[in-house]
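Subject: Structure for your review

Dear colleague,

Please find below the structure that I am handing over to you. A summary of the findings follows it.

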Amino acid sequence: MRIVALSVFERIVYHCHCLDPTEPGRPTLEVDALLRDGDADGPLLVAVADYKRMAGFDAALAHIPTLRDAGRTTVLDGVEYLTFPLWQETT
């Protein structure tokens with residue numbers, strides 16, 4: 001699954017959409033947003049609710065437990081997020 005982040009603020013992806021819904025168990029994140037200092041200091045975070053919207057509820061229910069077991073989720077201020085720790089800046 002390829003997700004494109006359109007706005008990021010302090011590591012949290014606020015607007016995103018799905019480019020390719022295949023393989024929802026292996027989400028990847030592309031960033032097409034202006035990043036300012038502090039916006040990408042650490043793993044980028046996509047809300048699990050957004051993941052469910054993009055992957056579909058049934059696919060999300062099937063894959064979220066595996067993503068949790070793999071350490072790909074975190075909870076911040078009571079909201080569960082998918083984490084994307086590995087990314088590199090391109091020009």
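Does glutamate 10 count as buried or exposed, and what is its relative accessibility? In this predicted model, glutamate 10 has a relative accessibility of 52% and therefore counts as exposed, since the cut-off for that class is over 50%. Glutamate 10 lies in the loop between β1 and β2. Its phi is near 50°, a positive value in a residue other than glycine.

Arginine 11 is also placed in the loop between β1 and β2. Here phi is near 80°, again positive in a residue that is not glycine. Arginine 11 has a relative accessible area of 26% and is therefore partly exposed.

As general background, nonpolar side chains in soluble globular proteins tend to be buried together.

Tyrosine 51 deserves a separate mention. Apart from its neighbours within four places in sequence, tyrosine 51 is in contact with Met1, Pro24, Gly25, Pro27, Gly56, Ala60, His63, Ile64, Leu67 and Leu82.

The two helices α1 and α2 also meet each other. Their axes come within 7 Å and cross at roughly 135°, and α1 and α2 are therefore oblique to each other. The crossing of these helices is right-handed. On the α1 side, the residues involved are Val48, Tyr51, Lys52 and Ala55, and they meet Phe57, Ala59, Ala60, His63, Ile64 and Leu67 of α2. By class, the residues of this contact are eight nonpolar, one polar and one charged.

Finally, what is the relative accessibility of threonine 83, and is this residue buried or exposed? Threonine 83 is part of strand β6. With a relative accessibility of 9%, threonine 83 counts as buried, because the cut-off for that class is under 20%. Leaving aside neighbours within four places in sequence, threonine 83 is in contact with Pro43, Leu44, Leu45, Gly71, Arg72, Thr73 and Thr74.

With kind regards

Key. Residues are numbered from 1 along each chain as its sequence is written. This is a predicted model: local features need pLDDT of at least 70, side-chain atom pairs count only at pLDDT 80 or more; totals for chains, interfaces and linings use all residues. Side-chain values use heavy atoms; hydrogens and water are left out. Contact means heavy atoms within 4.5 Å. Axes are lines fitted to C-alpha atoms, for helices over the stretch in contact, and angles run from 0 to 180 degrees between N-to-C directions. Helices (H or I, at least four residues) and strands (E, at least two) are DSSP runs, numbered from the N terminus. Angles under 35 degrees count as roughly parallel, over 145 as roughly antiparallel, 65 to 115 as roughly perpendicular and the rest as oblique. A crossing is left-handed if the near helix is turned anticlockwise from the far one by less than a right angle, and right-handed if clockwise. Ala, Val, Leu, Ile, Met, Phe, Trp, Tyr, Cys and Pro count as nonpolar, Asp, Glu, Lys and Arg as charged, and the others, Gly among them, as polar. Buried means under 20% relative accessible area, exposed over 50%, partly exposed in between (1.4 Å probe, protein chains only).
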